[in-house]
Amino acid sequence: MPVAPQSTEDLHQRLGVTLDPETLVLALTHRSYAYEHGGLPTNERLEFLGDSILGFVVTDHLYRTYPALTEGDLAKMRAAVVSTRALASVARTIRVGPSILLGEGERRTRGADKDSILADTMESLIGATYMEHGLGAAHDLVHRLVVPLLEDELAMGAGTDWKTFIQEAAANGSLGGVEYRMESTGPDHDKVFTATLVIGAVTYATGTGPSKKEAERQAAARSWDEVKAAAEAAGTAGRA
């Protein structure tokens, strides 16, 4: 059995669940590591199980919490909160990445910070919690770590084309040209980008991410309320 890295020692505390060492290691074993070490068991079966449990718990919560919403609206909310991007954000918050057992190739390409790997590992940890402690513990884990994303505008708007919204609002309100001023830090293989939205002469919010596209998306999402208000104010002034 592979040995879990030292960083798993406080992962239990961040999860709020204690797992048997063997179960925890299985939940953290990516297929790239398993392949390089002679075909060890991977976390994919636990991921499959955790995906179903996650979907059930979130669906149950939405059904009970929002009785006035249609099936279509509930489905959209569920899709946003269980998306790869949303689950990866949860995994980053509790620092799952450094504990994932990855093959050499994935380590070199920053696999521990890839949305897909982080999200899959988060689902496997949910599955492992269910297997060891039952549905009640898995339910509590999802409610503690995932359900709060329903109140997170960035998470819920993961599939929203914020940049297009900004462009249209700026045009409708005659606010001026839209520009994303970009900065980056870190070495070429591990850059972090910061984008600042500027419309006309007004500077709005900033966003950060591992790519220019993600940094711009976050800047647009965080600026939306202010840009929308500015566009509406400009439209009202124009009609006066």
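Mentor: Helix axes here are lines fitted to C-alpha atoms over the stretch in contact, and angles run from 0 to 180 degrees between N-to-C directions. Helices are DSSP runs (H or I, at least four residues), numbered from the N terminus. The model is predicted: local features need pLDDT of at least 70, side-chain atom pairs count only at pLDDT 80 or more, and totals for chains, interfaces and linings use all residues. Side-chain values use heavy atoms, without hydrogens and water, and residues are numbered from 1 along each chain as its sequence is written.

Trainee: Why is helix 6 called roughly perpendicular to helix 8?

Mentor: Helix 6 (residues 84–93) and helix 8 (residues 115–133) pack at about 75°, with axes 8 Å apart. Roughly perpendicular covers 65 to 115 degrees (under 35 is roughly parallel, over 145 roughly antiparallel, the rest oblique). Therefore helix 6 is roughly perpendicular to helix 8.

Trainee: Which residues divide into nonpolar, polar and charged in the contact of helix 6 with helix 8, and how many of each?

Mentor: There are 7 nonpolar, 2 polar and 4 charged residues. Ala, Val, Leu, Ile, Met, Phe, Trp, Tyr, Cys and Pro count as nonpolar, Asp, Glu, Lys and Arg as charged, and the others, Gly among them, as polar. Contact means heavy atoms within 4.5 Å. Among the residues that meet are R85 and R92 in helix 6, and D115 and E123 in helix 8.

Trainee: What makes helix 4 roughly perpendicular to helix 9?

Mentor: The axes of helix 4 (residues 44–65) and helix 9 (residues 135–145) come within 10 Å and cross at roughly 70°. That angle makes the pair roughly perpendicular. Their contact has 8 nonpolar, 3 polar and no charged residues.

Trainee: What is the angle between helix 8 and helix 9?

Mentor: About 150°, with the axes 7 Å apart. Their contact has 10 nonpolar, 2 polar and no charged residues.

Trainee: Where does K163 lie?

Mentor: K163 lies over the face of Y180, 5.2 Å from the ring centre. The rule asks for NZ of Lys or CZ of Arg within 6 Å of the ring centre and within 35 degrees of the ring normal.

Methods: Helix = DSSP H or I, 4+ residues; strand = E, 2+ residues; numbered from the N terminus.
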